[in-house]
Amino acid sequence: MRIRKTSLLFGLSCLVVFGCIVLLLGRNKNLVGDEQNDVEDLERKVKELERDLQRNYEIVQKIGKSVSDLLKQSSGQGEAEYLKATEIKQVQQMLDGTTKECGFVEQAPLQPDVQMLKLYSKMKFDNPDGGAWKQGWDVQYDEGQYSENNKLKVFVVPHSHNDPGWIKTFQKYYEDQTRHILNNMVRKVGEEENRKFIWAEISYLDFWWKESDPQTRDKLKQLVDNGQIEIVTGGWVMNDEANTHYYAIIEQLTTGHEWLKQKLNFSPRNGWAIDPFGFSSSMAYLLKRSGLENMVIQRVHYAVKKVMSAQKNLEFRWRQNWDRDGQTDMLCHMMPFYSYDIPHTCGPDPKICCQFDFRRLSSSGQTPIHCPWKVPPQPITESNVQRRAALLLDQYRKKSSLYKTNVLMIQLGDDFRYDTAAEFDQQFINYQKLFDYMNSRSDWFVEAQFGTLKDYFDSLRASVAQSVDRFPSLSGDFFTYADIDDHYWSGYFTSRPFYKQLDRVLESYLRSAEIIYSMTWSHLHRMSAVPERSRNWMGRMMALLSQSRRHLGLFQHHDGITGTEKDHVVQDYAKMMQNGIQNSQMIIQQCAHFLLHPDQANYEPQLDTLHFSVDDEYSKPNELPLKSLIRLQKSKRRIVFYNSLASERIQVVTLRTSHYNVEVMNDQSKPINIQVSPVFITSHQLSSEEFEISFLVSVPPLGMSTYTIRQFDGSIQENAHLEVSRIVVRESRSIDSVAPFTVDIKEQFEPFTLENSNLKATFDSNGLLTSISQDRRETVSIAIQFVRYGTRGGNQAMSGAYLFLPDGPAKLLEPNAEDNRVRIVRGSIRSQVVATLPFVVHQVTLHRSPGIDGLNLDIDNLINLSGQSNVEVAMRLVTSVDSGTAFYSDLNGLQMTRREKWEQLPLQAQFYPMPAMAYIEDSTTRITLATKQPLGVASLSPGQLEVMLDRRLNQDDNRGLGQGVLDNVIPTLNSFRLLVERRIVSCKGSHEGRRPDGYPSLSAHRSLHGLLYPVHQLVWNVGDGDEQLDGGPTLMTLHGSFKPALSESGSDIHVVNLRTATRLPDDQAVEPLSSVSLVLHRLGFDCCFPPLGLNSSTANNGEFSLAKLFPDYFGDRVRSMSLTSLGTQGPAIEKSFTIALKPMEIYTFELQP
């Protein structure tokens, strides 16, 4: 039954107005009939009603236009009805979501004692010579402050920093050094009860454990149990904090914590991050939610350290920008000096501190390490102990004066230290002599000892009577890092972007594999008993899954995803990531085959059988994947689409086929509209063997849908559902047309537009975007430019893998008249512009879809810097948005934070990490750029957003790598989504007041998720599932869909992971445990932007029910856990209970399969 358009719009308008009034009356139950309500109260409520009406009026205008356009465009009645139903559903979701979820964002967060934005605004960032402490001052103290009741308590913490890959590969480092460090640690620390040591990297500990005998393992357990060895942080690696996504951080923490729980029965309580190049507040949050209580950081801008030292704020309660009640506070200790090595940890004078690094003794018999200040250490003897102890204590007291209490931590270690038994003896024996003498001097009022982080923080908390409120609260992050002068470490935000994107690809595949594996594990448990053959099958797949987790975890290392490792080391990482992708693809297709199988009780697993080809083929670790080609002959090919998100996906997909005249049937076996487009082999040659077909699919939450494709039995003119793309090319050379396409060649272009029902994009004659307009509203100017930077010359420091040191402002890359080719491919489903520019092939795609992909432009840049010398290329958006000096970038994909352009800082300091998203905004408009790979981002002028794309640098930047960055992958792909949104009138959200916290819209969240977690395309292989056209027997019948979710989770609740725990037996194969962790993130979103393109409403005040999401899967009991599932956080509850999730928070729930 057809609904008239006018009736539909009128009905929707009435529904909106009525819903708004009901919501208002529901919120204000005393609006009528309460004699105490005064006029002002009534006026306020009337204004509130007006505001809600205005919001919903604007929504109706948007939806009305979408419905109107879609009805015009729909060629078949069935598709029109489908699209109408989709739009009606979206109106209902908007009514649910726009008026009741604004409170969180509109409420300002708690004001901390130290807000980093305010601190930066007051700092001069000058760098006067401070004397012995070059970046500080001549530190003095009052000797009279110490007494019998006020002693200085010193904890010297021995450690060895072991990079899982940097100059050497992970395995080579282990074989050459780390194996010996761990062996000696267990042996030498155990020789004396007063010896202590800390260890961080579980990846190395796992390597060592596998080759150690049971007696040595037991000795480590004993030392951990009695507190002599402490495992700190407990992650697989000490992860980078600029480029990493919170999914991967949680995964590498969980992998490490799972190992610790099973091998050592240990739960970390203290974090240790001494080498990441800047620090994210997201990490503090994730550690706290993982059960940690304290943390230590080191690499912070030297000017920030100086200010915080002067104010004695080096220990603080790190609070999230979004925090409204102080529940995220994490006690953090910041080291005050230049480095974490021994010369820069005992006190402000490195010349003195170096004399107490006893590894540098000339008599050590090891490879000599000299003190740069040319005063070597001396062995401690009876004759010199008084003098040497007094010299060291003076440094301790000076360092202590920078902190609020008399409890002091002294780090004792460096990179790959303690690799010989001799060094353990040198450090422990000489320091113990110093401690014994210090402690014997009652007039010195000092207690010195070896300690762990636990020892230190226990004493620190005891010194303030467990009341950490004595320490200031601090909000913000510590980017961008500079270690000396104007040497800002903003280069590594972009270095080696090919591998940065490969990281995100592995994350996507691993997450999808985790989810479908856990659904399969639960499905098997629905049987009376899991068959032994299925257990073996799941065990073998768990081995693949566990390996992929570890490969992803390893690359999160702060010399992995950063791009700051040697060439051969990044290749080693890339091979592991490629293996992880292939493992995950194998798991996805195996589990999909089982879940769609009609006879699961008698299912015979075949792990060596490739039932489906999953997406593209990652055949080489340093090349773009090969596009999968669907070969069509005399048979149907079934394509299963798998959606790993907890909301229905309605979007355009594009497949590559061997024939152009094809027919696609949906899961109701009805033909759907498709568009065929050409594949360009080169800029002037079309393929006659490969074609791209695009069509709209609908895939259920966490489920699968099956579509069939076959060669059409008839002429292309008879194929009523097929549209052939129209092609226009600006090209000086002739192009041979290939059936069914006609290529219109022009020597010159005029400005042109592409549009769908949501937006119209205008391009200049060179194929570059100039503006976007929405809903017939005012046009927003958005010009895309490409720019290049050089590096400094002469005797100055130059850019390298870590540092960005440009030779001045960027230079515009003008299109070359001879080489600037432009190609336009138009269609009713998908339109595309491809422009060839210096260094860049720039592609913009517009989809016509009722889903989220119909709201934004997809941007892909293929970068080729081959043969270039010291060049860095960036994409710049120049817009009409009046953003002033501010923009917002994300921290690890978890939260948005405000950035400012600081006039007192150089250009290279204005760049910040963009792991997932950035936006600029004014009072009416927001422009959001989502990214598939972490890159550096800046806003150097009002209305601009500039994103680095790739960098090729000839020289080392003197930070230890010893090489430039010359191994650029040709070409390197960078992918983005550009979203323009209009703010609802009178709705301010977080925009006003220069607040440090920012929030994407719901549409922006979903746009990012669509970019990071695309729908997977599973193509049935020939001989396993093809149906014959002649009506012959079906080779195999599978279900057409898999729909595990009864209802969606809510558009503001994101399923981060559904992860089956792993049993890690010694010397045996891994296997799945009967425990599944559901990790949920309730998204914080700005409700001032209509949530278009969504097919689900927001959760009602964060209410979530597992029984509604998974009515037929997982057990009847649910338990709240710490983030990494190390500890419980309350009793088990019924699966049917409704749980309230707070905005921005991440939760982990333990399920039984």
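Predicted model: local features only at pLDDT ≥ 70, side-chain atom pairs only at ≥ 80, totals over all residues.
## Overall architecture

The chain comprises 20 helices and 49 strands. Of its 1153 residues, 65% are buried. Among contacts with a separation of 6 or more, 76% join residues 24 or more positions apart. The accessible surface amounts to about 40700 Å², and carbon and sulfur atoms account for 48% of that area.

## Second largest pocket

The second largest pocket has a volume of about 880 Å³. Two or more lining residues come from each of α6 (170-189), α12 (350-353) and β9 (407-415). In total, 40 residues line the pocket, and R299, Y338, S339, D341 and H344 lie nearest its centre. The lining divides into 17 nonpolar, 9 polar and 14 charged residues.

Across the whole structure, 17 cavities of 30 Å³ or more are found. The largest cavity has a volume of about 200 Å³. Its lining consists of 17 residues, with E648, R649, I852, R1006 and G1093 closest to the centre. At least two lining residues come from each of β14 (649-657) and α19 (1002-1012), and β14 provides the largest share, 3 residues. By class, this lining holds 4 nonpolar, 8 polar and 5 charged residues.

The second largest cavity has a volume of about 160 Å³. Its lining has 21 residues, of which G893, L894, P1000, H1005 and L1008 lie nearest the centre. Both β33 (895-900) and α19 supply at least two lining residues, and α19 gives the most, with 4 residues. The lining of the second largest cavity contains 12 nonpolar, 8 polar and 1 charged residues.

Conventions
Residues numbered from 1 in each chain as written. Heavy atoms only, no water. Buried < 20%, exposed > 50% of the residue type's maximum accessible area, 1.4 Å probe, protein only. Contact = heavy atoms within 4.5 Å. Areas by Shrake-Rupley, 256 points an atom, 1.4 Å probe, with all protein chains shown as cover. 1 Å grid on protein atoms, 1.4 Å probe; cavity = no way out; pocket = protein on both sides within 12 Å on 5 of 7 lines; lining within 4 Å. Points joined across faces, edges and corners; volume = space filled by probe spheres on them. Nonpolar A, V, L, I, M, F, W, Y, C, P; charged D, E, K, R; others polar.
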